[in-house]
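These are my notebook entries on a single protein chain.

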Amino acid sequence: MEQNADFAGYARLDKQNIPQQIVNQIQEHIAAQKLKTGDQLPSERELAIQLNVSRSAVREAVKILVSIEILEVKHGLGTFVKEPQLRPLTDLSLVEDGVKKMLMRQAIEVRALIDVEVTRLAAMHATPADIKDLEDYLAMSVVEPMKSKRKYGHDLGFEKIIAKAAKNIYLSELQKKAHSFFEEAWNSGGFIPRKAEERNIQHREIVDAIKNKNPDLAVRLMKEHMNINI
């Protein structure tokens with residue numbers, strides 16, 4: 001078990017919301033695998049010295065990370081990284097490009113697991129009203145792409161409408177969580193979206209497959225749509 005990861009090489013924190021900045025730095029260490037499951041953090045006193053902050057700020061940061069089950073305190077032993085890390089980094093701008101890409105790929109994997117199944121069910125259960133909603137979205141995307149972007153946000157509005165057509169409220173709730181992870185990673189990482197024309201063509205093909213009640217084709221097309229190059 002590796003102990004007492006070194007934070008001394010990190011930039012000193014400014015005076016705004018110091019506990020949250022400490023949280024970010026610890027999460028960055030975990031994301032970059034400089035801290036792994038079971039590793040022990042420096043003591044409260046050592047970490048305060050390394051980051052040039054008060055022990056009370058370190059204590060507050062640890063409390064935050066314990067509350068979301070990223071760290072655990074073992075009385076008499078110290079503070080350790082817990083498995084699993086249940087939340088993604090709060091700010092991807094803090095990490096290097098390689099880590100950003102790794103986390104983005106993980107977010108895409110989670111999104112794909114949900115949205116592919118959502119699409120399969122939609123091809124089985126979509127009503128004429130659902131198809132109209134999808135057609136309306138496509139029409140707006142082609143004629144007024146900026147208006148569509150404002151109304152639906154990012155590239156996720158299309159999948160949200162498909163989830164409604166899938167007729168499974170539990171899967172819809174899982175999709176919301178997966179999309180929130182994806183949006184956080186995408187926006188913080190500064191990734192560039194694919195061309196709208198390419199996206200619209202893919203959306204058109206997926207809608208046609210759903211309309212024609214062809215789950216296998218719809219799934220294949222959605223998997224291709226999820227193949228995002230970053």
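**Entry 1**

A crossing counts as left-handed if the near helix is turned anticlockwise from the far one by less than a right angle, and as right-handed if clockwise. The model is a predicted one, in which local features need pLDDT of at least 70 and side-chain atom pairs count only at pLDDT 80 or more, while totals for chains, interfaces and linings use all residues. Residues are numbered from 1 along each chain as its sequence is written, and side-chain values use heavy atoms, with hydrogens and water left out.

I then looked up the contact itself (heavy atoms within 4.5 Å). On the α9 side I listed R199, Q202, H203, E205, I206, A209 and I210; on the α10 side, L217, A218, L221, M222, E224 and H225. By class, this contact holds seven nonpolar, three polar and three charged residues. Here Ala, Val, Leu, Ile, Met, Phe, Trp, Tyr, Cys and Pro count as nonpolar, Asp, Glu, Lys and Arg as charged, and the others, Gly among them, as polar.

For the geometry, I noted that the axes of α9 (residues 196–211) and α10 (residues 215–225) come within 8 Å and cross at roughly 165°. Axes are lines fitted to C-alpha atoms, for helices over the stretch in contact, and angles run from 0 to 180 degrees between N-to-C directions. The two helices are therefore roughly antiparallel to each other; angles under 35 degrees count as roughly parallel, over 145 as roughly antiparallel, 65 to 115 as roughly perpendicular and the rest as oblique.

**Entry 2: the loop residue K213**

K213 is found in the loop between α9 and α10. I recorded a positive phi of about 55° for K213, although it is not a glycine. K213 is partly exposed, with a relative accessible area of 42%. Buried means under 20% relative accessible area, exposed over 50%, and partly exposed in between (1.4 Å probe, protein chains only).

I looked up K167 as well, which lies in the loop between α7 (157–166) and α8 (169–189). Its phi is near 60°, a positive value in a residue other than glycine, and K167 is partly exposed at a relative accessible area of 45%.

**Entry 3: helices α2 and α3**

The axes of α2 (residues 44–51) and α3 (residues 55–67) come within 9 Å and cross at roughly 110°. That makes α2 roughly perpendicular to α3. I noted a right-handed crossing of α2 past α3. E44, R45, L47 and A48 in α2 meet R55, V58 and R59 in α3, a contact of three nonpolar, no polar and four charged residues.

**Entry 4: helix α5 and E135**

Helix α5 (residues 128–143) has 16 residues and reaches 22 Å from its first C-alpha to its last, close to the 22 Å expected at 1.5 Å a residue. The expected span is 1.5 Å times one less than the number of residues. I listed the buried residues of α5 as D130, I131, L134, E135, Y137, L138, M140 and S141.

Which residues does E135 contact, leaving aside its neighbours within four places in sequence? I found R204, V207 and K211.

**Entry 5: the chain overall**

I recorded 10 helices and two strands in the protein chain. Helices (H or I, at least four residues) and strands (E, at least two) are DSSP runs, numbered from the N terminus. Buried residues make up 45% of the 230 residues.
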